[in-house]
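Dear colleague,

Please find the structure below, together with my notes on what was found in it. I would be glad if you could read the notes with the coordinates open.

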Amino acid sequence: MSVKKVKVGFFSLTCCEGCEFAVFDLEEKLLKAFDYLEIVESRVLMEKIKPEAVRLDISFVEGSVISKHDLDKLHYIRKKTDFLVALGACAAIAGINGIRNALPEGVQERMKQKAIIPVKEKAFSLSAFVKVDYILNGCSVNELEFLDFLNRVLHGVIPRLEEVPVCFECKLNGNACLLLKGIPCLGPVTYAGCDALCPGQNAQCIGCRGFTKDANFKSLDNLLKEMGIGKKERFNLFTYFNPLPKELRDLRGGSE
Ligand code: SF4
Ligand code: SF4
Ligand code: SF4
């Protein structure tokens with residue numbers, strides 16, 4: 001008896017396409033899933049096998065919305081997709097593209113004027129415009145988390161989003177806390193799911209998996225301040241991947 005395959009599309013808006021590459025880097029591990037899924041569209045795989053009208057069970061969309069082209073493409077994908085997944089930080093939280101959102105107004109305006117394609121002054125996550133059914137966070141997306149998601153979905157189960165901060169996984173792994181060594185780290189306010197990748201290698205967490213719902217930004221910022229971390233450095237740290245939390249709006253501009 002032949003199995004009805006799940007139709008999947010991969011799409012890129014403005015981004016480095018690193019998330020899609022991370023997924024296809026899974027090679028044989030991903031090939032095993034091909035008995036159950038069919039990749040209908042993927043620019044990276046140079047696949048455009050089916051006519052555009054084909055309906056997709058799942059679309060993975062990486063990248064942020066920056067231009068009208070991105071926005072039109074996103075609406076087109078949403079219309080033909082049953083289950084839309086934001087793939088990676090650019091799609092989920094505007095990510096690296098969102099750095100432009102923190103730029104002073106004059107700089108944003110000049111960027112807009114110099115752009116060749118019609119450009120929005122800011123970068124947006126997918127959910128600013130369409131319903132997103134699931135988020136796979138990270139920069140790049142975590143390959144094992146992607147496989148786990150695929151495995152569960154193919155068995156008819158929608159996985160739950162991770163709701164604990166990176167510190168949780170960091171402690172499970174027995175890492176020494178960077179904050180105690182005087183190194184700033186966003187682990188307490190960032191969603192887990194990466195197995196505390198950066199602190200595990202003695203590097204600070206810079207929040208690529210997005211801020212947790214119940215994050216206590218003020219408390220972490222006060223601690224960083226007590227550690228002697230300046231206002232500009234704190235601003236840059238909190239806005240690498242994420243919009244500046246409203247509780248920390250005083251970090252914008254000016255001196256300590
Ligand atoms: S989340 Fe990171 S790796 Fe993925 S597309 Fe964006 S910049 Fe590239
Ligand atoms: S190193 Fe960072 S992630 Fe790990 S426990 Fe300390 S603050 Fe949390
Ligand atoms: S430790 Fe932080 S910055 Fe590093 S991968 Fe995890 S969430 Fe991203």
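Asp 221 and Arg 234 form a salt bridge, their closest N and O atoms being 2.7 Å apart, where the term stands for a side-chain nitrogen of Lys or Arg within 4 Å of a carboxyl oxygen of Asp or Glu. This pair links distant parts of the chain, with Asp 221 in helix 8 (residues 217-226) and Arg 234 in helix 9 (residues 231-238), 13 residues apart; helices (H or I, at least four residues) and strands (E, at least two) are DSSP runs, numbered from the N terminus. Asp 221 counts as buried because its relative accessibility is 4%, and Arg 234 counts as buried at 2% (buried means under 20% relative accessible area, exposed over 50%, partly exposed in between, with a 1.4 Å probe and protein chains only).

Please bear in mind that this is a predicted model, in which local features need pLDDT of at least 70 and side-chain atom pairs count only at pLDDT 80 or more, while totals for chains, interfaces and linings use all residues. Residues are numbered from 1 along each chain as its sequence is written, chains are lettered from A and ligands numbered from 1 in the order in which they are written, and side-chain values use heavy atoms, with hydrogens and water left out.

A search of the whole structure finds 11 salt bridges. In another of them, the side chains of Glu 17 and Arg 43 meet at 2.6 Å, N to O. Glu 17 lies in the loop between strand 1 and helix 1, and Arg 43 in the loop between strand 2 and strand 3 (47-48), so the pair ties together parts that are 26 residues apart in sequence. Glu 17 is buried at 12% relative accessibility, whereas Arg 43, at 54%, is exposed.

Glu 17 also belongs to the surroundings of ligand 1, which include Cys 15, Cys 16, Cys 19, Cys 90 and Cys 139 (a residue is near a molecule if one of its heavy atoms lies within 4 Å of it). Helix 1 (18-24) and helix 4 each supply at least two residues of this shell.

As for the rings, the structure holds 11 aromatic pairs, meaning rings of Phe, Tyr and Trp (its six-membered ring) with centres within 6.5 Å, where planes under 30 degrees apart count as stacked, over 60 as edge-to-face and the rest as tilted. Phe 10 and Phe 60 are stacked, because their centres lie 5.0 Å apart and their planes stand at 20°, and both residues are buried.
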